[in-house]
Amino acid sequence: MKAPEPAMDLREGLCAMLPRLRRFARTLARDPADADDLVQVALERALARAAQWRPDQGLDAWVFGIVRNAWVDEVRARQRGARVFAPEEHGATVGESSSEAREVAMSVQRAMDQLPEEQREAIALVLVEGLSYKEAAAALDIPIGTLTSRLARGRDALQALLGGASGVGA
Amino acid sequence: MRITDELLMAYADGELDAAASAEVEAAIAADPALAQTVARHRALRRQLREAFAPALDEPVPEHLMALVRAPAATSAAATGATPAATSGAAPVADVVPLRPRRRWALPEWAGMAAALALGVALSQAFLAPSPADLRTVAGGALRADGALAQALDRQLAADNTPAGRIALGLSFRDGSGAYCRSFVLRDDRPLAGLACRADDGWHVPITSEAEADTGELRRAAASLPPAVLLAVETRLAGDTLDAEAERRARDAGWR
């Protein structure tokens, strides 16, 4: 009477994706502990839905979509007053990089924080995680045209926020 | 081809095919300002990746590794133990988990076992399963059928109504990782039971006469007959599922 287990290739795929999932979760949730909780929820859902994933489908789009939807659920729960978090100071986990690099990193993360959720997700999936437009659109369950327009607006917003401060406008 | 900013963006991101790329490159050759735009897009990508690189380089916390490594049947993975319980990572214990874990309180069983055994034997002898809900297979075991099988597959405890004939109760995983659900058939002689999902459908290891229902079953572990509660207690591995986990399990076909 044993329940069937998620296929090993799914587990291996998820294992290999873990660092990227944590990075993506950080762009969404900002607080590193929230981000890890988000990854945990997403992994549990992915494993529970193993039967819905076929190896010929892109794993990236499927899993990143699960992470993003779990975050949407959490945001809604918070809006209903279900949670209160004390957000950690951004940049707390930047680590050993030089102080100038740390400053630049903090300002980029802060700029991302200013973006509307839908632009931030599009930027995170395409520019940070390197998904193709098609994969990112699939993960977000939107048409490619919607994805590209969110990407364009997000980029414009980031360029404006970051200005020429770190040579981006040069 | 009109050289829009979105086209330049797509070019910078490597999304264009060879023909379209060639057109953009020709346009860039004619207008250096376009080259600047492309360079800005690429620089922003680099900057974003650098800013978020530290998250990528960190060692992955053990509790996340354990989720993808361990078989789903172990109770920690199956019930999603909170990070505070399974990991030594320092800040996590201070954070409210995204999903609440609730444990249903079950009554004490001391001294009831002998009386229950007799009660169960009598229940099994006298209650003929309704042909629409349960069938007997070789060896005398019961399987859920018809309306009951459908309710076990699809109905959530949240869907219970006072007038509904079938009410679902607790859902949980047993020690082998299979999902089990308690239920009540609200007929003239109400029948409560426990069903566990196997490859060939819902096995029903126990049924027992229930008291006439006084309300929704959803939080009423105490209104299940003792025989069914004991069956739940002996099988329960980890926590019973909360509403969200129950919905996810249902959506995943109780697998």
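This is a predicted model: local features need pLDDT of at least 70, side-chain atom pairs count only at pLDDT 80 or more; totals for chains, interfaces and linings use all residues.

Q: Which residues of helix H4 of chain B are buried?
A: In H4(B), residues 62-69, they are His63(B), Leu64(B), Leu67(B) and Val68(B).

Q: Where do they fall, seen down the axis of H4(B)?
A: Within an arc of 135°, so they line one face of the helix.

Q: New topic. How many disulfides over all chains?
A: The search of the whole structure finds 1. Cys180(B) and Cys196(B) form it, with sulfur atoms 2.1 Å apart.

Q: What parts does that pair tie together?
A: Cys180(B) is in strand S4, residues 179-185 of chain B, and Cys196(B) is in strand S5, residues 191-198 of chain B. So the link joins parts 16 residues apart in sequence.

Q: Is the link of Cys180(B) and Cys196(B) left-handed or right-handed?
A: Right-handed, with 105° about the S-S bond.

Q: Is Cys180(B) buried or exposed?
A: Buried, at 0% relative accessible area. Cys196(B) is buried too, at 1%. Cys15(A) counts as partly exposed, at 31%.

Q: On to packing. At what angle do H1(A) and H3(B) pack?
A: About 125°, with the axes 8 Å apart. The crossing is right-handed.

Q: Which residues make the contact?
A: From H1(A), Pro19(A), Arg20(A), Arg22(A), Arg23(A), Arg26(A) and Thr27(A). From H3(B), Arg49(B), Phe52(B), Ala55(B) and Leu56(B).

Key
Residues are numbered from 1 along each chain as its sequence is written. Chains are lettered from A and ligands numbered from 1 in the order in which they are written. Side-chain values use heavy atoms; hydrogens and water are left out. Buried means under 20% relative accessible area, exposed over 50%, partly exposed in between (1.4 Å probe, protein chains only). Helices (H or I, at least four residues) and strands (E, at least two) are DSSP runs, numbered from the N terminus. The arc is that of the directions from the helix axis to the C-beta atoms. A disulfide is a pair of cysteine sulfur atoms within 2.5 Å. Axes are lines fitted to C-alpha atoms, for helices over the stretch in contact, and angles run from 0 to 180 degrees between N-to-C directions. A crossing is left-handed if the near helix is turned anticlockwise from the far one by less than a right angle, and right-handed if clockwise. Contact means heavy atoms within 4.5 Å.
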